[in-house]
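Please keep the sequence and the model in view while working through the numbered points.

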Amino acid sequence: MSSKDWIEKDYYAVLGVEKSASSDEIKKSYRKLARESHPDHNPGDPKAEERFKTVSEAYAVLGDEKKRREYDEMRSLFGSGAFRRSARGGGQPGGMPFDVSDLFGGGATGGADTRFGGGGFTDLFSSIFSGGAGAGGPARPRGPARGRDVETEVALDFDDAVRGVTLPLSLRAPGVCDTCHGNGAKPGTQPVACPVCHGAGVTTRNQGSFSFSEPCRNCQGVGTVVEEKCPECHGTGGVTKTRTLNVRFPAGVADGQRIRLAGRGEPGERGGPAGDLFVQVKVRPDELFGRSGDDLTLTVPITFPEAVLGTDLRVPTLDGTVTLRVPPGTPSGRVLRARGKGVVRKDGRAGDLLVTLDVVVPAKLSDEARAALESFADQTPPAAREHLDARVRRFS
Ligand SMILES: [Zn+2]
Ligand SMILES: [Zn+2]
C-alpha cells in the first residue's frame with residue numbers, strides 16, 4: 001500500500017498555513033519560506049534545495065485557486081476514513097518524511113516546470129497513476145524518468161567525413177503539446193474531475209472482506225476528463241515535434257561509426273535527465289579515394305616502362321596534388337606513401353595518402369610498339385621459374 005503515501009502529502013502543512021487560509025496568507029507564507037530556503041541563500045545545501053522544491057510544489061497547487069479546489073476535493077475523498085489508515089499502516093514503517101517531489105517524480109522544480117505550472121491537475125494524477133501508484137500496481141521507481149534515447153542515421157559525403165563537418169539534424173519525436181501544455185484541454189478550459197471516480201483515477205469495489213481497486217474506465221485512470229479537446233493534440237496532450245540540432249562530426253568519422261551525444265535525446269519527464277542521441281554514420285564512397293583508418297587510399301595506373309624506368313607522378317590529394325617519385329624497377333602493387341595527406345585529426349595527428357601502383361598491361365599494341373616489345377623480349381632473360389619447373393617435370 002505504499003502507493004497510497006501521496007495522500008499523506010499535505011501542502012498546507014508544507015506552507016505552514018491553515019486549510020482555511022486565504023490566498024494572501026498562502027502567498028505570504030510561501031514567499032517567506034521560499035526566501036529562507038532559496039538555493040542562492042543556501043549554496044551547497046541540498047536540504048535547503050529540497051525544501052525549496054517542496055515549498056514550490058506546494059505553492060504551485062495552493063497558489064492556483066482552481067488547482068487548490070481540486071486538491072482539496074481529492075484530499076477530502078482520500079484523506080479520511082479507512083483509506084488513510086490503510087495508507088499509513090500499509091507499508092511505510094518509520095514514518096513518512098515530507099517529500100512532495102516524490103509525487104512529481106522527484107525532479108520537478110515547481111513553478112519552473114512549465115508542464116506542471118501550466119498543466120493543471122492531469123499532471124498530478126497521471127504522475128501518480130501512470131507510475132503504478134494505483135492500488136496493486138508495481139512500485140514506482142525512485143527518481144524522475146529519464147528521457148528516451150533517440151537513434152538516427154546520417155549520410156556524410158566522403159570529404160565531409162574526412163575533414164569533419166557540422167550538419168543540422170531534424171529529429172521527430174513525441175513531446176508535450178505547447179497549446180495545452182499537455183493537459184489535453186482546449187485553451188481557456190481545464191480538465192475537470194472525472195465524474196465516475198471523482199478525480200481518484202481508481203474505482204473501488206468491495207466484495208466480502210476484500211476490496212478491489214482498478215483504474216477508472218471513464219478516465220483511463222487519469223482522474224480528470226477533458227470536455228473540450230485541445231485542437232492541436234486532439235486531447236492527447238502529446239504531439240510529434242520536430243527538433244533541429246546542429247551536430248558536429250569530427251574529422252575522420254568513419255562509415256558505420258555510432259556517435260553518442262549525451263543528453264540530446266528526448267527530454268526527461270518532469271525535469272528528469274534527457275536521453276542520449278545516437279547517430280549512426282554512413283559515409284558515401286568517393287569515386288577516387290578510399291579510407292583505411294586515418295589513411296586515404298588511391299590506386300594509380302602506371303605503364304610497364306614507367307615501372308621499369310622510374311618516373312615522377314603527380315597525383316591528387318583531397319585538397320591539392322602531390323608529386324611522388326616512382327623509383328626505377330618498381331614492381332606492380334608497390335604502395336607509395338604521401339605523409340600527412342590523409343585524415344588530419346583535431347589534435348594534429350594525420351594519416352597518410354597511400355598510393356598503390358598498378359602496372360597496366362595493354363590489351364592492344366600498335367605495330368611499332370609490338371616490334372619494340374618483341375625486340376625487348378629478345379633482350380630479356382627468362383623469368384625465374386626454375387623452382388616451379390622442377391615440380392612441373394615430375395608430372396610430365
Ligand atoms: Zn475516472
Ligand atoms: Zn494540446
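1. Three strands make up an open sheet in the order β1-β9-β8, with mixed pairing. Strands here are DSSP runs (E, at least two residues) numbered from the N terminus, and two strands pair if DSSP finds at least two bridges between them. The edge strands, each pairing on one side only, are β1 (150-156) and β8 (258-261). On average, neighbouring strands of this sheet are turned by 25 degrees against each other, direction ignored; the axes are lines fitted to C-alpha atoms, and angles run from 0 to 180 degrees between N-to-C directions.

2. Before going further, note that this is a predicted model, in which local features need pLDDT of at least 70 and side-chain atom pairs count only at pLDDT 80 or more, while totals for chains, interfaces and linings use all residues. Residues are numbered from 1 along each chain as its sequence is written, chains are lettered from A and ligands numbered from 1 in the order in which they are written, and side-chain values use heavy atoms, with hydrogens and water left out.

3. How many bridges join β1 and β9? Strand β9 (residues 277-283) pairs with β1 over seven bridges, in the parallel sense. V150 has L277 in β9 as its bridge partner. As background, the strands of a sheet pair through backbone hydrogen bonds, either parallel or antiparallel.

4. Which residues hold the zinc ion (ligand 1)? Its protein donors are C194 (SG), C197 (SG), C216 (SG) and C219 (SG), at 2.2 to 2.3 Å. Donors are N, O and S atoms within 2.8 Å of the metal (3.2 Å for Na, K and Ca); water is not among the atoms, so sites may look incomplete. The site of ligand 1 is tetrahedral, with angles of 103 to 115 degrees among its four donor atoms; four donors count as tetrahedral if all angles lie between 85 and 135 degrees. The sequence spacing of these donor residues is C-x2-C-x18-C-x2-C. C194 counts as buried because its relative accessibility is 1%, and C197 is buried at 5%; buried means under 20% relative accessible area (1.4 Å probe, protein chains only).

5. The zinc ion (ligand 2) is coordinated at 2.3 Å by C177 (SG), C180 (SG), C230 (SG) and C233 (SG). The site of ligand 2 is also tetrahedral, and the angles among its four donor atoms are 104 to 115 degrees. Its donor residues follow the spacing C-x2-C-x49-C-x2-C. C230 and C233 are both buried.

6. The largest nonpolar core has 37 residues, of which L156, F249, V300, V315, L353, V355 and L357 touch the most other members. Such a core is a set of buried Ala, Val, Leu, Ile, Met, Phe, Trp, Tyr and Cys residues joined through side-chain atoms within 4.5 Å. A second, separate core of 18 residues includes V14, Y30, L62 and M74.

7. G252 is placed in the loop between β7 (238-249) and β8. Why does G252 count as buried? It does so because its relative accessibility is 2%. Leaving aside neighbours within four places in sequence, G252 is in contact (heavy atoms within 4.5 Å) with residues including A161, V162 and R291. G252 and G351 are 99 residues apart in sequence and 9.5 Å apart in space, C-alpha to C-alpha.

How values were computed: Tetrahedral: all angles 85-135°; square planar, octahedral: opposite > 155°, others 65-115°. Buried < 20%, exposed > 50% of the residue type's maximum accessible area, 1.4 Å probe, protein only. Helix = DSSP H or I, 4+ residues; strand = E, 2+ residues; numbered from the N terminus.
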